[in-house]
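Dear colleague,

I am handing over the structure below, and after it I set out what was found. Please read the two together.

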Amino acid sequence: MQRYFIDQNADPSQRFFITSKDDIHHIVNVMRNDVGNEVIVTFKDQQVYRCKITEIHQDVIEVTLTEAMSTDSELPQHITICSGLIKADKYEWLIQKATELGASHFIATQMSRSVVKLTQNKVSKKLERWQKIIKEAAEQSYRLKIPEVTYKESLKAVHEDIETYDHVLLAYEDAAKEGETQQFRSLVAQFQPEDRVLIIFGPEGGLTEEEVQLFENDGATIGLGPRILRAETAPLYALSAISYEQELSH
């Protein structure tokens, strides 16, 4: 059964309204739902309910809550994936799959070796498209919340918010080439529930020494195994490893 998000807290005594044009189209025209059918709704407070469709109009669908559902699909930690700008199709694939794997937040960043350049007048349109991809991936993977994506013009701008994180990790190609294999596993094992974790990944050309040095007093460089991973693959490897260590290995 398809899931949808409503940006209000759940209340079984109230009726709620789905107003997103995309959601209405999906419910009516794609899934062919009618009055009396049920959908699953995830609310702002991360409560999940089976809901009955009571009215369908062109610009709104009314639902009532029928049954609470017990689900916990979020990673124990809040993982922010900061990536250097890469080719559009690859970044869209990255955020879709990383949403499925549990990322909480994405930061797209202009870095020294980014081939892709994002002009300021294109930022809002890109963010809108990326957010739509993330929302659809969150619905498909039964997430309890929709991750957010933001844009920063440089790693210096990312560093300005460094104090909001409990852990900062930099996936550095040179660390992998030098055979570093223990740091990442050791750090992940130290993560506590609700920790805020920032993991920084370079663009196609990787991080420069200067960019790594910017975080030398605040973060740790990590290798991601013996193979050199593509820019769009490395974040998925990291999220999978965190999920295994924090959710499956105990």
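F106 stands opposite V149 in β8, and strand β7 (residues 105–109) pairs with β8 in the parallel sense over five bridges; here two strands count as paired if DSSP finds at least two bridges between them. Helices (H or I, at least four residues) and strands (E, at least two) are DSSP runs, numbered from the N terminus.

This is a predicted model, in which local features need pLDDT of at least 70 and side-chain atom pairs count only at pLDDT 80 or more, while totals for chains, interfaces and linings use all residues. Residues are numbered from 1 along each chain as its sequence is written, and side-chain values use heavy atoms, with hydrogens and water left out. The pLDDT, which is the predictor's confidence in each residue from 0 to 100, averages 93 over the protein chain, and 97% of the residues score at least 70. Among the elements, the lowest mean pLDDT, 64, belongs to helix α5 (residues 173–177), and the highest, 98, to strand β10 (residues 196–201).

Strands β7 and β8 belong to an open sheet of six strands, in the order β8-β7-β6-β10-β9-β11, with parallel pairing. Its edge strands, each of which pairs on one side only, are β8 (148–152) and β11 (220–222). Helix α2 (residues 88–100) packs on the sheet, where it touches β6 (78–84), β7 and β8, and its direction makes about 160° with that of β7. Contact means heavy atoms within 4.5 Å, and axes are lines fitted to C-alpha atoms, for helices over the stretch in contact, with angles from 0 to 180 degrees between N-to-C directions. Helix α6 (residues 183–190) lies across β9 (167–171) and β11, running at about 125° to β11.

Turning to the aromatic rings, those of Phe, Tyr and Trp (its six-membered ring) pair if their centres lie within 6.5 Å, and planes under 30 degrees apart count as stacked, over 60 as edge-to-face and the rest as tilted. By this rule there are three aromatic pairs. One of them is edge-to-face because the rings of F16 and F43 have their planes at 65°, with their centres 4.9 Å apart. F16 lies in strand β2 (residues 15–18) and F43 in strand β3 (residues 38–43), so this pair ties together parts that are 27 residues apart in sequence. F43 also forms an edge-to-face pair with Y49, at 6.2 Å centre to centre and 85° between the planes, and F16, F43 and Y49 form one aromatic cluster.

With kind regards
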